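Subject: Model for you to look at

Hello,

Here is the structure I said I would pass on. My notes follow it.

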Amino acid sequence: MEEDIRVIEEKCTGCGECLNACPFSAIKILGGIASILEGCNLCGMCREVCNFEAIEICEFGVTTKNENYKGILVFVEQHDNSLTGVGLELLGEARRLAARLKTDVWAVVLGDKVDGLGEELISYGADKVFVADDSILKDYQGDAYSQVLVDLIKKEHPEIVLIGATDIGRVLAPRVAAILRTGLTADCTELSTTEDGYLLQTRPAFGGNIMAQIICPEHRPQMATVRPRVMKKAEKDPAHKGEVIRFIPKIKEVRTRLIKTIRETSRRANLEEAEIIVSGGRGLGSPENFKLIEELAEVLGGVVGGSRAVVDAGWITHSHQVGQTGKTVSPKLYIACGISGAIQHLVGMKTSECIVAINKDPGASIFDVATYGIVGDLFEIIPALIAELRCIS
Ligand code: FAD
């Protein structure tokens, strides 16, 4: 079991007893408070002699002294040195939680030459921003990203860590939680706090039929991944003040080598950020008919989505799947073509501003959430829509 040592600053008087007791000369008094140095081997002699119970050694992640963990840390993803929407949504949510828990909001951003993002994150409400700059962090690499994040969490002891449930967040968060031996609630749709100050994490369970509420009472930090587009983005406030801490991380081992990054073409990607999505379902009948969906998306300047049925059939890749086991989207316009409206699909798109459903079955569940419903054959309706839109544009 991995262990961790820390000095409880509020209790330490700087008396120096621990310093004399340490056989490894691994304690210094800095600014009137004991500070543990790298040579520490967790022998515990310092804790034995401390009359103020100011030194704590615990199995990392497991603690009975939760009050020693403070602050909400948000992992903010960047792509090509631009902040992603979900990171800003998490910052907004962290600010609301921090107000209730009376704590600070911290952000961490990893990348290559991402220096400028620190100040930007302060303006979005972070009180402290940790910026790790290294060429190896340019694109996501599991080993490197998890090492940096784990080291930071061990050093700063945040009580809550929030990560976006993106393709990256969904692999990074479990890695980090496993190394720290703490709990993780994946794919949350709502966060709140209990009266005792625990993070109350809500997520769909049992096929979206119930909402489970989960707390993590005995392990720290409390970790959650949150779906993009379900929280309100932080507002920019240029007057907000904070501190940017830049550091070059110590990355010991990276077992993979990134050879090439292949980006999907714009009409087929970035569902979570899109304002217009045209989605196709099994009603399309065959993969070739997806051309109709692509053409309608193109004339509208939108992107292509799909139901799980068409992803499972191999008509389109998983990155386009909308729903419980795909992406949660909330565009201005969502057009569902030949999609029945199973609950698992609806949980991923029902918060869209305007939903247009095209289905030949008037009893299809998709019509229950649709703003406009068109009952009819999609092979007649979509070409007519495309022709009309081409005339207008
Ligand atoms: P169908 O249900 O077969 O619907 C096809 C529709 O097309 C019908 O309503 C039909 O009336 C209509 N249609 C047929 N021909 C035409 C035509 N010519 N013109 C107009 N309309 C036509 N599903 C998701 O989508 N996303 C998820 O993330 C997801 N996660 C899941 C997780 C779990 C644990 C489980 C158990 C299921 C999940 N599913 C998910 C699957 C989900 O339950 C449905 O099976 C799936 O959404 C159905 O896809 P569909 O609407 O394309 O197909």
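Helices (H or I, at least four residues) and strands (E, at least two) are DSSP runs, numbered from the N terminus. Contact means heavy atoms within 4.5 Å. Axes are lines fitted to C-alpha atoms, for helices over the stretch in contact, and angles run from 0 to 180 degrees between N-to-C directions.

This is a predicted model, in which local features need pLDDT of at least 70 and side-chain atom pairs count only at pLDDT 80 or more, while totals for chains, interfaces and linings use all residues. Residues are numbered from 1 along each chain as its sequence is written, and side-chain values use heavy atoms, with hydrogens and water left out.

The sheet and its helices

Helix H7 (residues 290-300) lies across E17, E18 and strand E19 (333-337), and runs at about 170 degrees to E17. Helix H11 (residues 378-392) also packs on the sheet, where it touches E19, strand E20 (354-359) and E21. The direction of H11 makes about 135 degrees with that of E20.

The sheet itself is open and has five strands in the order E18-E17-E19-E20-E21, with parallel pairing; two strands pair if DSSP finds at least two bridges between them. Strand E18 (303-306) and strand E21 (372-375) are at the edges with a single partner strand each, so one side of each has no neighbour in the sheet. From one strand to the next the twist averages 20 degrees. Strand E17 (residues 276-280) pairs with E18 in the parallel sense over four bridges, and Val 278 stands opposite Val 304 in E18.

Val 310

Val 310 is in helix H8 (residues 308-312). With a relative accessible area of 1%, Val 310 is buried (buried means under 20% relative accessible area, exposed over 50%, partly exposed in between, with a 1.4 Å probe and protein chains only). Apart from neighbours within four places in sequence, Val 310 is in contact with Gly 280, Gly 281, Arg 282, Phe 290, Trp 315 and Ile 316. Between Val 310 and Arg 282 the separation is 28 residues in sequence and 5.8 Å in space, C-alpha to C-alpha.

Aromatic pairs

A search of the whole structure gives three aromatic pairs. Rings of Phe, Tyr and Trp (its six-membered ring) pair if their centres lie within 6.5 Å; planes under 30 degrees apart count as stacked, over 60 as edge-to-face and the rest as tilted.

The ring centres of Phe 75 and Tyr 145 are 6.3 Å apart and the planes are at 70 degrees, so this pair is edge-to-face. Phe 75 belongs to strand E5 (residues 72-75) and Tyr 145 to helix H5 (residues 142-156), so the pair ties together parts that are 70 residues apart in sequence. Phe 75 is buried at 3% relative accessibility, and Tyr 145 is buried at 5%. Phe 75, Tyr 140 and Tyr 145 form one aromatic cluster.

Trp 106 and Phe 130 form another edge-to-face pair, with 6.2 Å from centre to centre and 85 degrees between the planes. Trp 106 is in strand E8 (residues 105-111) and Phe 130 in strand E9 (residues 128-133), so this pair ties together parts 24 residues apart in sequence. Both Trp 106 and Phe 130 are buried.

Helix H5

H5 is mostly covered, with 11 of its 15 residues buried; among them are Gly 142, Ala 144, Val 148, Leu 152 and Ile 153. The expected span of a helix is 1.5 Å times one less than its number of residues. For the 15 residues of H5 this comes to 21 Å, and the end C-alpha atoms are 21 Å apart, which agrees.

Backbone points to check

Most residues other than glycine have a negative phi, and most peptide bonds are trans. The following are exceptions of either kind.

- Leu 42 has a phi near 60 degrees. Leu 42 is in the loop between strand E3 (33-36) and helix H2 (45-49) and is partly exposed at 27% relative accessibility.
- Arg 229 has a phi near 70 degrees. Arg 229 is in the loop between E15 and strand E16 (243-247) and is partly exposed, with a relative accessible area of 26%.
- Arg 220 and Pro 221 are joined by a cis peptide bond, with omega about -5 degrees. Pro 221 is in the loop between strand E14 (210-214) and strand E15 (222-226).

Regards
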